[in-house]
Amino acid sequence: LSTVIMVLLVAPTVIVIPMSFSASQYLEFPPREWSLRWYEHYVNSPAWMDATWTSLKAGFLTMCLAAPVGVAAAYGLHVSRHPLGQFFYVLLITPIMVPVILIAIAAFYVFVQIKLVNSLLGLVIAHTILALPLVLIVVSAALKSYDMNQEMAARSLGASRLMAFLGITLPQIRFSVLTAALLSFLTSFDEVIIAMFVSGGDNSTLTRNMFNALRDQIDPTIASISTIMIVISSTLLILSQLFGKSRD
């Protein structure tokens, strides 16, 4: 049953890749003629390139914001042992339990008031809300298997809590932190619903443009962009796994 489910999930991806190499004016599978024309159209299109650059910037900034905040939150909740710790943990992971459309509507309403709609800053803040729970969950799991006595030994020898964390704890949970950071980037890079509400104009994301193109016209360029996004996402995850194994 698991094999059947995996095949059904992966099959659309397998179909999109050969479609991206079609020479046809329309999406077709299997391609009757092979060509790189839609990759060339994507690279030579200023609109697609601008959207790609916006998505990359938003993903990088989201990673830079969500990763340290999420790591700090996970560490604080782990060592505090506060009676309300579990409550704050659930509160911080609420964004993954709430439908994304509700978060998008709420973000749009707030951003209209403070004039952050169609801005890169607003997009990064909204995406950070989605990425933060992933960082918190991954890093919290790593901290549960980590022996805090090592950090306490460093503090007993004169190290501050910050120095003990940076010098003792962080190097030992680095693989989880790296994985969480990459998940933050991919969460922002692949997200479309919030982008439909809070991005636009000069700050329109790649996924937003893809959705609009698919709605307004059947452009095979979408297949080539989807293939590139699949390659980027897969490569980042594979590299994170290889990096973690090589450093263990």
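Modeller: Helix H8 covers residues 161–172, twelve in total. From first C-alpha to last, H8 reaches 16 Å, close to the 16 Å expected at 1.5 Å a residue. Bear in mind that this is a predicted model.

Colleague: Which residues of H8 are buried?

Modeller: Ala164, Phe165 and Thr169. They sit on the same side of H8, because they cover an arc of only 95° around the axis.

Colleague: What do those buried residues pack against?

Modeller: H3, H6 and helix H7 (149–156).

Colleague: New topic. Which residues touch the most other members in the largest nonpolar core?

Modeller: Val71, Val135, Val139, Leu143 and Ile173, out of 17 residues in that core. H6 supplies the largest share, six residues.

Colleague: And Val135, what does it touch?

Modeller: Setting aside residues up to four places away in sequence, Val135 touches Ala66, Ala67, Gly70, Val71, Ala180 and Ser184. Another core, of 15 residues, lies apart from the largest one. Its members include Ala51, Ala67, Leu206 and Met229.

Colleague: Back to H3. Is Thr62 buried or exposed?

Modeller: Thr62, which lies in helix H3, is buried, with a relative accessible area of 0%.

Colleague: What is Thr62 in contact with?

Modeller: Beyond its neighbours within four places in sequence, Thr62 contacts Ala67, Val124, His127, Thr128, Ala131, Ser184 and Ser188.

Note on methods:
Residues numbered from 1 in each chain as written. Predicted model: local features only at pLDDT ≥ 70, side-chain atom pairs only at ≥ 80, totals over all residues. Heavy atoms only, no water. Core = buried A, V, L, I, M, F, W, Y, C linked by side-chain atoms within 4.5 Å. Buried < 20%, exposed > 50% of the residue type's maximum accessible area, 1.4 Å probe, protein only. Helix = DSSP H or I, 4+ residues; strand = E, 2+ residues; numbered from the N terminus. Contact = heavy atoms within 4.5 Å. Expected span 1.5 Å × (residues − 1). Arc of directions from axis to C-beta.
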